[in-house]
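Walk through this model one element at a time. Keep the sequence and the 3D view side by side.

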Amino acid sequence: MKKVKTIAEVYEGFKNLAWKKSESEILARERLEICIGCDHLQRYRGFYLGCDMCGCYIPAKIRSIKSSCPIGEWKGFTKEEYKKKHDKSNTDNRS
Ligand code: SF4
């Protein structure tokens, strides 16, 4: 189980939450679908809060490209991996 998160991951997640970009929102939606089905997601009155495995605030964590799920349900990406994934999705959507 990965509990270590870097300042860079936390900063990136909150930055992408405050200033939403279409690429990170697509990834966030994919990750949130997985988290919604997970027993470790803490909810309060319809809002998604933290993950009880890693202690992260989920709305920010799912927007941190580098972050990964502590139980391996979704993975993090390096900048290069993420660029390839994003470019591929754009190509798939155009065809
Ligand atoms: S990050 Fe992983 S463990 Fe936490 S709520 Fe999402 S799927 Fe579950």
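The text below goes from a helix to the core, then to the ligand and to some single residues. The model is predicted.

Start with helix 2, which covers residues 22-36. This helix has 15 residues. From its first C-alpha to its last it reaches 21 Å. That is close to the 21 Å expected at 1.5 Å a residue.

Which residues of helix 2 are buried? They are Ser 24, Leu 27, Ala 28 and Arg 31. These residues cover an arc of only 105 degrees around the axis, so they sit on the same side of helix 2. The other side of helix 2 has exposed residues: Ser 22, Arg 29, Glu 30, Glu 33 and Ile 36. Helix 1 (7-18) is included in what covers the buried residues of helix 2.

Take Glu 33 as a case from the exposed side. Its place is in helix 2. Glu 33 has 11 other C-beta atoms within 10 Å, and the cut-off for exposed is 12 or fewer, so this residue counts as exposed. His 86 is 53 residues from Glu 33 in sequence. In space the two are 18 Å apart, C-alpha to C-alpha.

Now turn to the core. The largest nonpolar core has seven residues. Two of them, Leu 27 and Ala 28, are also among the buried residues of helix 2. The core also holds Cys 51, Cys 56, Ile 58, Ile 62 and Ile 65. What does Ile 62 touch, not counting residues up to four places away in sequence? The list is Ala 28, Arg 31, Leu 32 and Cys 35.

Leaving aside neighbours within four places in sequence, Arg 63 is in contact with Gly 13, Asn 16, Leu 17, Ser 24 and Ala 28. Ser 24 and Ala 28 are among the buried residues of helix 2. Lys 83 is 20 residues from Arg 63 along the chain, and their C-alpha atoms are separated by 15 Å.

Next comes the ligand. Which residues surround it? They are Ile 34, Cys 35, Cys 38, His 40, Leu 41, Cys 51, Met 53, Cys 69, Pro 70, Ile 71 and Glu 73. By class, this shell has nine nonpolar, one polar and one charged residues. Cys 51 also belongs to the largest nonpolar core.

Glu 73 deserves a stop. It is found in the loop between helix 3 (58-61) and helix 4 (79-94). Glu 73 has 14 C-beta neighbours inside 10 Å, so it counts as partly exposed. Not counting residues up to four places away in sequence, Glu 73 touches Ile 34 and Cys 38. Along the chain, Glu 73 and Ile 34 are 39 residues apart. Their C-alpha atoms are separated by 7.2 Å.

Finish with the strands. Leu 49 is in strand 2. With 14 C-beta neighbours inside 10 Å, Leu 49 counts as partly exposed. Leaving aside neighbours within four places in sequence, Leu 49 is in contact with Gln 42, Arg 43, Tyr 44, Tyr 57 and Ile 58. Ile 58 is one of the residues of the largest nonpolar core. Ile 71 lies 22 residues from Leu 49 along the chain, with 17 Å between their C-alpha atoms.

Arg 45 is in the loop between strand 1 (41-44) and strand 2 (47-51). Arg 45 is exposed, with 5 other C-beta atoms within 10 Å. Its backbone is worth a look. Most residues other than glycine have a negative phi. Arg 45 is not a glycine, yet its phi is positive, about 45 degrees.

Definitions and conventions: Residues numbered from 1 in each chain as written. Predicted model: local features only at pLDDT ≥ 70, side-chain atom pairs only at ≥ 80, totals over all residues. Near = placed C-beta within 6 Å. Nonpolar A, V, L, I, M, F, W, Y, C, P; charged D, E, K, R; others polar. Helix = DSSP H or I, 4+ residues; strand = E, 2+ residues; numbered from the N terminus. Expected span 1.5 Å × (residues − 1). Buried ≥ 20, exposed ≤ 12 C-beta atoms within 10 Å, placed from the backbone. Arc of directions from axis to C-beta. Contact = placed C-beta atoms within 7 Å. Core = buried A, V, L, I, M, F, W, Y, C linked by C-beta atoms within 7 Å.
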